[in-house]
Structure formats: C-alpha cells, structure tokens
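The following is a walk through one structure, taken a chain at a time. Keep the sequence and the coordinates at hand while reading.

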Amino acid sequence: MFWKSTYNEFIKIAAKPRSYIGLGAITLLIGIVLFALKMDGLTYISFITAPFEQSLSFEGNLLNGNTMAFIILQMLIIHIPLLVALVTGDLVSGEAAMGTIRLLLTKPISRSSVLFSKYLAGCAYTFIIIVWLAVLALGVSKVIFGTGDLMVLNSDGLVILQQTDVLWRFVSGFAVAFLALVTVATLSLTFSCFSENSIGPIVSTMAVIILFTIIGTLDVPIFDRIRPLLFTTHMAAWRSFFEDPLPIKEIVNSLVVLVVHCVVLLAIAVYKFKHKDILS
Amino acid sequence: MPDNPEKIIEVKHLAKNFGKFVAVEDVSFDVFRGDVFGFLGPNGAGKSTTIRTLLSLIKPSKGDIKLFGKHLGENRNYILRRIGSIVEKPDFYKYLTAEQNLKIFARISGATVSNSQIHEMIEFVGLKGREKDKLSGFSHGMKQRLGIAQALIHDPDLIILDEPTTGLDPQGIIDIRNLILQLKNERNKTVLLSSHILSEIELIANRMVIINKGKSLVQGNVIDLLNARELLVTIQVDSTEKAIQILNNSRMNLVIDSYDANILQLQISQESIPAVNKLLCENGIQVFSIEGKRKLEDYFLKLTHV
Amino acid sequence: MKLRKSLFFILLFSLLSSFSFLIQTQSPNTIINGVYKKMMKAKDYSVQATIKVDLPFIRMMPVEAQIYFKQKDKFRVISKGIAIIPRQGFDQLTRMLKDTTSFTAVNSGSEIIGNASTTIISVIPSADTSDLILGKLWIDIKQNIVLKSQLTTKSNGTILTEYTYGTQVEYGLPDNMVFTVDVKKFKIPKSVAADINNSKKADSKADKKKGKIYIKLYNYKVNKGIPDDIFKK
C-alpha cells in the first residue's frame, strides 16, 4: 500500500502546474547565464585569473563546459531551495487547504505511510530538479563550450582540476547538493504538517534559510558555536569536492549534519501528522 | 430485524474536547448490519465530530468505539478497508480528471480495483462521459456523485455519509435518497447517514439517534420514535383551569403534557381529537384552535430553535 | 734540445693565454650575438612539454602541452587542459636579444653553474619606454648558450629562468626550464562565493614570495616546417 500511495503522490506532483515552475525557472536561468557567458565569458573568467595575471599566462580552453557548470552551480544553488519548497511545502498543507486530506486519511493506510510516501515523492521531485540542473549545467555547457580543465577559485587560492578528474567530483557534488535540497524539502514538509495553507510553509522555509544564512555569514563570535550546526552552513558542502586535497573530514561532517537535520525534522513531522485532528 | 443482529458500530460514551471547548460530551449509539441509521442533530450538535472520530480523523478524548466488533484504535486499517465515506462536502484534486481522482483513491482503498470497475462506477453514479474532465469544471452535485463513487469503489460493508444532500437541488436530493435505498435493498449495505433535517432521515432511515450539544438524547427505531398514532396536540382555550378540570373528570385517560393561561398540550391519538373538542365545547369551554404534531418532531423542532 | 722544448711550451702557453684572453675579452655584444645566432638556427620548432607548477595559491597537476615556435615571433602553447606559463613566454629572450641597439650589454663577471663556467652579461635597455628594466644573462660562451637569465620588467616583475640543455643544444633549445616567479602581488579576492571551509589552515606556501614553474621539453621537431594556421587562436 505504501508504494501505491507513493505512486499516487508522484502523480499528484506531476499533475500540479507549480511543479513545472521549478523546472522552467532552472531552464530559463541557465539559458540566460549560458548566453551571457557565450557572449562575454572571458571577461567573467578573468575575475578568476586576475590575481595572477601580472606574472602568469593561462593557456588552454579556459571557457569550457566544466567551468561553466561550476559557475552555474554556484550562482543557482542558493535559489534552488525556493523552487523545491514551492512543491514540498504544499504536500500536506495543500491537501488540507483543498479538503482532500479528509478523504485521504479515511483510507486504510497509516498516517505515517501517507507522510513517508509524500516525503519520498518530494525527494523524487528534488532529485529530478537536481538531475535537470546537472543536464543543463554540465551537459548543455559542454555542448556549447566544449570540455576542459576546471578552474575553481577558493578562499585559499586557485585549484585547477584536470578534465579527467572532474566528472566524479561533479557527480559527488550534485549528490551532496541533492542531500542539501532534501534537507530543505524535509523542513518545508515539516512546516506543511503544521499549516492549513500552501503559502505558510514555503515562506517559513525561505525565512529560516535566509535567517540561518545571515547568522552563518555574520562574523560575530556569539554565533561561532551554533554556526557549524546550522544546515545552511553545510548547504555549500558540494563545493568541497572541488578542492585539492579533498577535505574528507569536512565533507563527512557536513553529510552528518544534513542527515541529522533530516531525521529530526522528519520525526517532528511524523509526530505532528499522526496526532493531528483533521478538522478541515 | 433478526435475533442477535450483528453490531457494525458500537459507540459508548464518546467525548471529545478541543482545549476547553467540549464538542462531544457523551454520545452512545449502536448500528446493526443492514441499517440505514439516521444520525440526527441540529447544527453544532457534534455530528461531524462524532463521524470524524469514527473515521479516525479525530482522536476521541474519552469513550469506546468498536466497528465490525473490533476496537478502532488497534484495528484502524482493517476497519477502514470496510468503510466508504463522505465527510462534509467531497473535495477532490482539481488538477486531475474524475477518472484520475477515482483511481487515486481506489489505489489506496485496500481492494484491487480494475479499470473496468472504475468505469462501471462512474456510470453508476451518472458521470459517464465526464470521466476525462478536470474536477475544476465540476458542479457541487457532480462532485457529490463522484464522492459517492469513491465511497463505493472498493465495495465496502459500511457507508458513512455526512450530510450528503447539503447544497443539492431537489432532484439531486431525490437521487441520493434513491441511491441509499438501493444500497440497502439491493447490495445489503449498512449506511450511517447524518443530517439536521428530520424529514430526510424519516424517509429513508429505519433507526436513528438524536444528539444535541454533544450528547445523545434519543435512540431507536424511526417508526417507534415518530409514532404517528400519538400526537402532541396544542389547544387554545379561554380557560385552561376549567378545561383541565373537565378533562380530568372524563374517562378518556388523557395525558396532559403542559399548560399555561390559554394553551393546553395533550398527548393523544389523532382519532381522539374530535372527542376532546366535543367534550370541551359541550362543557362551555371556548376552543379557539387545535394543532397536532408528532411528539418527536416537536421535540426536535424545539432543539433546533434553541 | 731542452731550450727548444722550453720555447715550445712558452709559445704554446702564450698562444693559449692569448686565445683565452681573446675569448675572455670578447665584448658583451659579441657574446650576445653569438648566442642569438645560435638561437636563429632554429627557424621553427615544435616540442612536447610537461608543465609543473609550484606556486602559492595555485594547486594543479602537471599538464602536457605542445609548444610551437616560428620566426620571427610566432609562439603558441596548445594544451588539452589549462597550462600556466610565465607571462613573458619562452621567447622573451629571443625578442630581447634580436635588437642589440635597444640595450647596452655590460660584462658583470663570471660564475660557475654546474660544470660550466659562465660569463654574466647585464643588459640595460637604452630607452625609458622599454618594458624591460634590467636583464642579466649567465652565458656559457664555449657553447653560446644561456644557462640562466634574470629579467625584470615593468609589467611582469622579476623572473629568474634556469636552463638545462641536452639533445638540442646545437640550436640553443633547452630540455628543461625552471622559472622562478615573483608572487608578492598574488591576492585572492574576498568576494569568493560560498567557501564553507574558510576556517581551515591557509596554504602553507602562502607566505612564500616566490614560486616556480618547471617545464620539461622533449620530442623536439626543429626546422620541419610549421603552417601559420597553428598560431591562430
């Protein structure tokens, strides 16, 4: 029954117009970015090489698909959470607002199963978003710009990764980005269990992300202790895969923080959903 | 009714509080197999809360609920598999078609439902030709039909309908009524039907309970409760004191329900009205009006006007 | 007999001394011309290169590249990946040496590099507008090859280059080059996006003022002809 319920949830997500907002927005944004970089990408790239250009000359295909994909990922990854929350924040509260939750929860399937099936469908949607992002950012970029070594400017310097050494990093980076977005999806689903309308969970999720991001970037000692515990601090963990050497310890730490957030938030969501009186 | 009929629903001293607000205080009733059971009460009496509790949408604060002989708390899925229901107005996924909506609910109904069964049900509820239309274009009546379709698609033993005729036109109300009778007579289903309109219950239910302010007040067979032979007769006279004296001295064994300065209420059969009228008139009492109502109808009307 | 022998040795010694005196007393311009002439023997060449970088703030694996040169000043580095080379390129020396009127060459002493004795020639540009501020060349005058050069330019700072020769010494083409680059002005912009590992230790090489680029050159193809198309980017 759980898998049937999950299939149902996926049908609902696929049929909702709002599910395509995220995909459309990503397509449009990446299209615009690729067009701009095709027109004047070298100027943008010079930002990366500028600190060294007095003494050094960079030869080779600097404006390649791998570099473009990295630039796009950096630009868009902070906006993607909203596109995910738009759908996952509506999973429970949307049914309450529509009234369908009455019919749904009078069926012979436990509330936990209903919630987990919604969660799984939400994660599947998030996966599709990330895959679409990967296809456009990496695939289309490579078609337009060709392939080449990846230049990454970190706070401690420039890392140039050979093209044969890049694909697994992108795959790993996207996988971690997926986990970060799943954390956002879990947060919005949890809010959704407390709300009877669609907008509340979405706005609340974005408010939390913005607030935590601000706390994370404010260089104030009072926040030093909590900063490593905020999930927003680890949403950029994907970037760690583009460092050399790979900071394994930091990556594992980020994964643990994100997974713990998912587990705790899901536990809260399950508790609330199971004990909620359905009055709508 | 056969001896020892199977109890499909047993509710004992059900209570539900929402904080300090007491929605249901003490409701008890039984529904037997094959009943069309009327669940009657004015608006705000606690009908919807009780029904939602039966369907595990709400957790009771106190009381015991058994369905099909099993406690609801421990056997939720087993019980719900055998129930089809509409709670208040049936809401569906507006962005899906009628057929898709029905399939969504059929998939998690606990039964294996084929595509042909889906189409048969759509035809049964009179929506043939509209199955590919999105719900956003459906009228209230059409949604109600689809609601009944999703309630019946998995062939449940018990059907719970919460105010199913609300918002329907007269033809729609008749259709629902006929459908319920058909379910009882042809498919041997048990139906629990809630309403705030006595006449609606009276027409199709064989047993009923009346609740008000969260308490069950009266329960039993509809015929017995609405016994047409005994009426509550209201007589307007010039002097009730004199009228009572005359009636008490007669050998008619009348029950005087209540009285004030000019109004006298008696519990008498319809056949006794002319005799009472004659007695009073012959003894010099001026009778200005006589009005007869069934006891329960009057009782219920008083409830709804409080 | 003894006298003849002595006379012979005295004459030989004088001749040798004169010769070495002659050699030692070649003018700096002559020395430079000798080097330049040798370099000009290679009208064009292509060579495979392995470029390894040891610079603060930069981390990368060694890169394979193909280098092309054609007189007078066509130069191109083609690599599958990204290669970092000194901004001056490889032909800075050739370009500098071709016009002896644009600078004054001064003998600045000698130094032993490895097994070779080198004459140090300082190159001072004649015009203030020249990009070159000062050049210093360690030249093995026996082979007319530059073993070390230090060029200070307005645009690129100071680059010290060490050359090792092997198979193509007849053309003055090295097998190995080591560039020592001034990196004082390397600064990472603060607005670098989202680096969560900000708190980690800074690059241990970051305090260094100098960095090195190692270029190993092999599979030379000299004077085989190179079409001009290759030099179009």
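Helices here are DSSP runs of H or I with at least four residues, numbered from the N terminus. The model is a predicted one.

Start in chain A, with A:Ala85. This residue sits in helix H4 of chain A, which covers residues 80–88. Is A:Ala85 buried or exposed? A residue is called buried when 20 or more other C-beta atoms lie within 10 Å of its own. A:Ala85 has 28 C-beta neighbours inside 10 Å, and therefore counts as buried. Leaving aside residues up to four places away in sequence, A:Ala85 touches A:Val184, A:Ser188, A:Ile202, A:Thr205 and A:Met206.

Next comes the interface between chains A and B. Here 22 residues of chain B are in contact with 22 residues of chain A. On the chain B side, the elements that give two or more residues are helix H2 (76–80) and helix H3 (98–107) of chain B. The largest share of that side comes from H3(B), with three residues. Sorted by class, the side of chain B that touches chain A consists of 12 nonpolar, five polar and five charged residues.

Chain B itself is divided by the domain assignment into domain 1 (7–225) and domain 2 (230–304). The C-alpha centres of these two domains of chain B lie 41 Å apart.

Which residues of H9(B) are buried? They are B:Thr240, B:Ala243 and B:Leu247. These three cover an arc of only 60° around the axis, so they lie on the same side of H9(B).

Chain C remains. The chain contains three helices and 12 strands. Of the 233 residues of chain C, 29% count as buried. Among contacts in chain C between residues at least 6 apart in sequence, 56% join residues that are at least 24 apart.

Notes:
Residues numbered from 1 in each chain as written. Chains lettered and ligands numbered in written order. Predicted model: local features only at pLDDT ≥ 70, side-chain atom pairs only at ≥ 80, totals over all residues. Buried ≥ 20, exposed ≤ 12 C-beta atoms within 10 Å, placed from the backbone. Contact = placed C-beta atoms within 7 Å. Nonpolar A, V, L, I, M, F, W, Y, C, P; charged D, E, K, R; others polar. Arc of directions from axis to C-beta. Domains from an automatic or database assignment.
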